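Here are some friendly notes to read alongside the model. I have set them out as numbered points so that you can follow each one in your viewer.

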Amino acid sequence: MAMSIQEFKPVKEGKVREVFDNGDSMIIVATDRISAFDVILKNKITQKGAILTQMSKFWFEFTKDIVPNHMLSTNVADMPEFFRKEEFDGNSMKCKKLQMLPVECIVRGYITGSGWESYQKEGMVCGIRLPEGLLESEQLPEPIYTPTTKADLGLHDEHITFEDTVQILEKLYPGKGAEYAETIEKCTIALYKKCAEYARSKGIIIADTKFEFGLDEDGNVVLGDEMLTPDSSRFWPLDGYAPGNSQPSFDKQFVRDWLKQHPDSDYFLPEEVVERTVEKYKEAYQMLTGETF
C-alpha cells in the first residue's frame, strides 16, 4: 500500500513569499504574486518567483565571505516529496531556521524615490543631512543606512534611527542590542558595496536595496529572506544613466509608475505591462549572472 505524501501548509504568508515549516529547516516559496504600495496586485507575473529565488541564490553564494546566510538548497530533490513538483521547482529555497530581527536594513547609494522627496524638503534623508545641490538619481558620496521597522501585511514600515534599532533589539536581547545593531549596519553597508561594484561592472546600477537578518541557534547574525532581487531593490541600467531625473528601471518601479499614472486601475495590470515586467526581471537576471533564464 502506497504511503500518502505529507501535506504542507504555509506557516506564514507574506505579500510574495510563503514559508513552510520543515522541522529543522524551512522552505521558502517565492510566488508569482507582485505587490506595490503594500498592496498585492490582482495579476500574477509568470516565472517571477523562480527569477527571484535564483537571483537570491546567486547573491547568497557571492557574499558568503561577508556574512553567513540561511540558504541550504534550491534543489527540490533536497526537500520533502510534497515540493517535488512543477509548481515548486525553481522558486523554492530550503533554509536554516532563524529568529528574524524586526528591522529592515535599507541602504541607499543614490538619491531617489522617497529619499529624493525628503531631500528636496529638508536637505535630509531619514534624519541624515546630505550635501547641498544633489540632483535626482545622483550617486551619494557614501552609501547611507536608513533602517525601518518591519510592519505586518497591510501596514507601512516606519523609518527609525540607529539608536531606535538599538532599543528595539535590546528589549528582545538584553545586553546585545548595540552589538546586533552595529553588526547588521556594518554587514548591510559591506554587502551593498561589494554587490553594487559587481553589478556596475555588468551594466546595472543598484540604487538602493534592503536586507533582513536573523539569529541562528548560537546567536550569530545570519542573512535571511531574499537578497538583491528586483522586488527588494532599485536596479537601473548603467547605459544612459544621467542624474537630474528619474531613471528607467529593471525592477517593479515600472509597475509602480504605471499604477501612479492609472489611479483607477484597481491594482489590475494590462497584459502588456505584465509581459514587460517579466522581460525586465529576466534581463536583470541575465546581465547579473551571465545565464539565460
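Predicted model: local features only at pLDDT ≥ 70, side-chain atom pairs only at ≥ 80, totals over all residues.

1. Strand 3 and strand 7 (residues 92-96) are joined in the antiparallel sense over 5 bridges.

2. Is Ser25 buried or exposed? Ser25 belongs to strand 3 (residues 25-30), and its relative accessibility is 1%; because the limit for buried is under 20%, Ser25 counts as buried. Leaving out residues up to four places away in sequence, Ser25 touches Phe20, Leu72, Lys94, Cys95 and Lys97.

3. Beyond residues up to four places away in sequence, Val11 touches Val19, Phe20 and Asp21. From Val11 to Asn69 there are 58 residues in sequence and 21 Å in space, C-alpha to C-alpha.

4. Now to the interior. Nonpolar side chains in soluble globular proteins tend to be buried together. Here the largest nonpolar core has 66 residues, and those with the most contacts inside it are Trp59, Ile184, Phe211, Phe213, Met227 and Leu269. Helix 4 (residues 177-201) supplies the largest share of this core, 11 residues. Another core, of 9 residues, lies apart from it and includes Phe20, Ile27, Phe83 and Phe88.

5. Setting aside its neighbours within four places in sequence, its contacts include Val67, Met100, Leu101 and Cys105. Ile184, Cys187, Thr188 and Leu191 are also among the contacts of Phe213, as are Val221, Val222, Leu223 and Gly224.

6. Which residues of helix 3 (residues 162-172) are buried? They are Thr165, Val166 and Leu169. These three cover an arc of only 100° around the axis, and therefore sit on the same side of helix 3. Glu163, Gln167 and Lys171, on the other side of helix 3, are exposed. The buried residues of helix 3 pack against strand 9 (103-110) and helix 4.

7. Buried in helix 6 are Val273, Val274, Thr277, Val278, Lys280, Tyr281, Ala284, Tyr285, Leu288 and Thr289. Their arc around the axis is only 155°, so they are on the same side of helix 6. On the other side of helix 6, Glu271 and Glu272 are exposed. Just after helix 6 comes Gly290, with a positive phi of about 75°.

8. Strand 4 (residues 33-36) is covered on both faces: Arg33 and Ser35 on one side, and Ile34 and Ala36 on the other, are all buried. Strand 4 pairs with strand 5 (residues 39-44) in the antiparallel sense, over 3 bridges. The bridge partner of Ala36 in strand 5 is Val39. The hairpin of strand 4 and strand 5 has 2 residues between the strands, and in this hairpin Phe37 takes a positive phi near 55°.

9. Finally, some backbone angles to inspect. Most residues other than glycine have a negative phi. Cys126, although not a glycine, has a positive phi of about 55°. Cys126 is in the loop between strand 10 (124-125) and strand 11 (128-129), and is partly exposed, with a relative accessible area of 26%. Leu228, also not a glycine, has a positive phi of about 50°. Leu228 is in the loop between strand 15 (221-224) and strand 16 (233-237); this residue is buried, with a relative accessible area of 0%.

Conventions. Residues numbered from 1 in each chain as written. Heavy atoms only, no water. Core = buried A, V, L, I, M, F, W, Y, C linked by side-chain atoms within 4.5 Å. Buried < 20%, exposed > 50% of the residue type's maximum accessible area, 1.4 Å probe, protein only. Helix = DSSP H or I, 4+ residues; strand = E, 2+ residues; numbered from the N terminus. Contact = heavy atoms within 4.5 Å. Arc of directions from axis to C-beta. Pairing = 2+ DSSP bridges.
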